[in-house]
Amino acid sequence: MSVPVDPAQIAAAARALESGSLVAFPTETVYGLGADAENPAAVAAIYAAKGRPQDHPVIVHLAPGADLDYWAADIPDEARQLAAAFWPGPLTMILKRAAHIPPAVSGGQDTVGLRCPAHPVAIALLQQFKGGRGGIAAPSANKFGNVSPTTAQHVRDEFGAAGPLAAVLDGGASQVGIESTIVDLSRLASHGPVLLRPGQVSAEAIAAVIDRLPAAPDVAAPRASGTLESHYAPHTPVAMQDTATLQRTLHQLQRSGRKVALIHYSDLPAVHAQARLPDSPDGFAYALYASLRAMDATGAELILVEAPPVGGAWLGVNDRLRRAAHGSSGIVHGLLNHDLV
Ligand code: TXA
Ligand code: MG
């Protein structure tokens, strides 16, 4: 589903970024809301547009072959090995920030998150912007806490037609579908590599390159908003249940006249609205956010999700679903035990 790259549109978007405007662009993971990483006022405009707290760092996107030493300091060999192995691709590395890079991109922390995205439109934009030597600071192009966008239409739905964006580049549906893996290498000597956010690049794949398995975050790990307990959430409450429990719940909810939207991968009965996803981790991740948005728009009282298998390649999907469902505990019980109004 790739959309042809329009060079004139990309050149105009690069000029807009250079003049301090915001541009939304596709990546292979999700769409980003971009600004010149070295322009603190432009970075501040991202925070304002998203409604995101100022102390949350954003990822800096770099063109293929960009000079890591320009952006980061004290770079361990492991970072260069991971960049060689996974860039362009869905891996973000947290490194010590070079002294001349404005602290605005890292919410005042002394680190910087770097990634080279693998999407032809993102790469073309990065190559045009500041002659390929710039960095585009870009969080996911959604309002803070919402589900990340995986199409240009999702971005327009988030910000409206006359919103704060100079352009929304359309690169089709994001192929990975969930955000990049984040690995912290800024404290490698003392803490080893730390996995701040799981994604398509697994801890095992990282270990295969640097010979060290990233650990789960400790309390002193750099803060990442994508690791908040409640995040990536639709407006409708979300509950996740194993297949057998979910079948019973569905039956009970339907008997009491409740409107349920279902996201599943097994054979299950028809309900008010449903999205059946592939039963592979990559296929499920690809379709997940579009399904959450679609089910959110059905007027259902609850989005019930069939819990995917646990384990290795499903880690990223389970992580996002857990955050989407956070704060909705007790919702099924509540719907079953209150009279319809
Ligand atoms: O796939 C992705 O990573 C997408 C696309 C657009 O590249 N971007 C994305 O950005 O998901 P965002 O801002 O929604 O999530 C980035 C995460 C946040 O949780 C942020 O806190 C963390 O990366 N992060 C960025 N720089 C960091 C830093 N210096 N230290 C710790 N966490 C950082
Ligand atoms: Mg985000």
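Biologist: In which helix is the place of A49?
Modeller: This is a predicted model, in which local features need pLDDT of at least 70, side-chain atom pairs count only at pLDDT 80 or more, and totals for chains, interfaces and linings use all residues. Residues are numbered from 1 along each chain as its sequence is written, chains are lettered from A and ligands numbered from 1 in the order in which they are written, and side-chain values use heavy atoms, without hydrogens and water. Helices (H or I, at least four residues) and strands (E, at least two) are DSSP runs numbered from the N terminus, and on this basis A49 belongs to helix α2 (residues 40-50).

Biologist: Is A49 buried or exposed, and what is its relative accessible area?
Modeller: With a 1.4 Å probe and protein chains only, buried means under 20% relative accessible area, exposed over 50%, and partly exposed in between. Leaving aside residues up to four places away in sequence, A49 touches (contact means heavy atoms within 4.5 Å) L22, L33, K143, F159 and P164. For one of these, L33, which is 16 residues from A49 along the chain, the C-alpha separation is 9.1 Å. A49 itself is buried, with a relative accessible area of 10%.

Biologist: Which elements are included in what covers the buried residues of α5?
Modeller: The buried residues of α5 are V121, A122, I123, A124, L125 and L126. Their cover includes α1 (7-18), β1 (23-25), β3 (59-61) and β7.

Biologist: What is the relative accessible area of D211?
Modeller: D211, in the loop between α8 (203-210) and β11 (238-241), also has a positive phi, near 65°. D211 is exposed, and its relative accessible area is 71%.

Biologist: What is omega for the bond that joins W87 and P88?
Modeller: Most peptide bonds are trans. P88 lies in the loop between α4 (77-86) and β5 (91-97), and the bond joining W87 to P88 is cis, with omega of about -10°.

Biologist: How much area do domain 1 and domain 2 bury between them?
Modeller: The domain assignment, whose bounds come from an automatic or database source, gives domain 1 (7-210) and domain 2 (238-336). The contact takes 21 residues from domain 1 and 13 residues from domain 2. Buried area is the accessible area (1.4 Å probe) that two parts lose on being put together, summed over both. Carbon and sulfur atoms carry 58% of the buried total, which is about 1,300 Å².

Biologist: Which residues of domain 1 lose the most area to domain 2?
Modeller: The centres of the two domains, taken over C-alpha atoms, are separated by 29 Å. On the domain 1 side, 39% of the area buried there belongs together to V147, I178 and P198.

Biologist: How many salt bridges does the rule find across the interface of domain 1 and domain 2?
Modeller: A salt bridge is a side-chain nitrogen of Lys or Arg within 4 Å of a carboxyl oxygen of Asp or Glu. The side chains of R320 and E179 meet in a salt bridge, at 2.7 Å from N to O. Across the interface of domain 1 and domain 2, the number of salt bridges is two.
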